[in-house]
Amino acid sequence: MNKRMILAVLLISLSAKAQKTEKTGKEIFESRCAKCHGKDGTKGLWGATNLKGSQVGDNERIATISNGRRIMPSWKSRLTDKEIKRVADYVKTLKS
Ligand code: HEC
């Protein structure tokens, strides 16, 4: 293999790896949020909002997840903007 091919193979395997580690909103929610909110959003540990009944708009939902609120921790240093968006979209699907 010449150098250019080696580089191409390297890039392809790196991007495949990046895709594999990308988590869905559901996976993020179940690993990071469910301990307080519950898998279905209704657990309410330490006063965690029942997400099934949450009435906030998209911007406020994203701001709360990014910055935290009272007992709820801030996630912006632990999740990427994309992950926050994805988990926020997942929270919306919990609403009944
Ligand atoms: C340590 C427990 C805890 C964890 C972990 C947690 N939350 Fe919360 N969450 C809370 C509490 C408590 C509140 C209510 C804050 C308040 O007092 O206003 C809340 C509020 C919210 C709200 C606001 C809902 C509304 O209608 O105002 C959203 C949205 C939310 N959480 C999403 C998430 C997401 C998404 C995650 C995971 C990335 C998460 N939470 C992780 C405890 C937690």
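## Talking through the chain

Trainee: What share of the contacts in the chain with a separation of 6 or more comes from residues 24 or more positions apart?
Mentor: Such residues account for 45% of those contacts, where contact means heavy atoms within 4.5 Å. Before we go on, this is a predicted model, in which local features need pLDDT of at least 70 and side-chain atom pairs count only at pLDDT 80 or more, while totals for chains, interfaces and linings use all residues. Residues are numbered from 1 along each chain as its sequence is written, and side-chain values use heavy atoms, with hydrogens and water left out.

Trainee: How many helices and strands does the chain have?
Mentor: There are four helices and zero strands, where helices (H or I, at least four residues) and strands (E, at least two) are DSSP runs numbered from the N terminus. The chain is more spread out than a compact globule, because its radius of gyration is 18 Å, well over the 12 Å that the globule rule gives for 96 residues. That radius is taken over C-alpha atoms, and the rule is 2.2 Å times the number of residues to the power 0.38.

Trainee: And what box do the C-alpha atoms fill?
Mentor: Along the principal axes, the box is roughly 60 × 20 × 20 Å.

Trainee: Switching to helix α3, which of its residues are buried?
Mentor: In α3, which spans residues 58-67, the buried ones are Arg61, Thr64, Ile65 and Ser66; buried means under 20% relative accessible area, exposed over 50%, and partly exposed in between, with a 1.4 Å probe and protein chains only. The cover over the buried residues of α3 includes α4, residues 81-94. After α3 comes glycine 68, which has a positive phi near 75°.

Trainee: What does threonine 64 touch, leaving out residues up to four places away in sequence?
Mentor: Threonine 64 touches Arg69 and Met72 on that count, and threonine 64 has a relative accessibility of 15%.

Trainee: What about the loop between α2 and α3, is alanine 48 buried or exposed there?
Mentor: Alanine 48, which lies in that loop, counts as buried at 16% relative accessibility. Leaving aside neighbours within four places in sequence, alanine 48 is in contact with Cys36 and His37, and the C-alpha atoms of alanine 48 and histidine 37 are separated by 5.9 Å although the two residues are 11 apart along the chain. Leucine 45 lies in the loop between α2 and α3 as well, but leucine 45 is partly exposed, with a relative accessible area of 31%.

Trainee: Changing topic, how many salt bridges does the count come to?
Mentor: The count comes to six, a salt bridge being a side-chain nitrogen of Lys or Arg within 4 Å of a carboxyl oxygen of Asp or Glu. One of them joins lysine 26 and glutamate 30, with the closest N and O atoms 3.4 Å apart.

Trainee: Why are lysine 26 and glutamate 30 separated by about one helical turn?
Mentor: Because they are four residues apart in helix α2.
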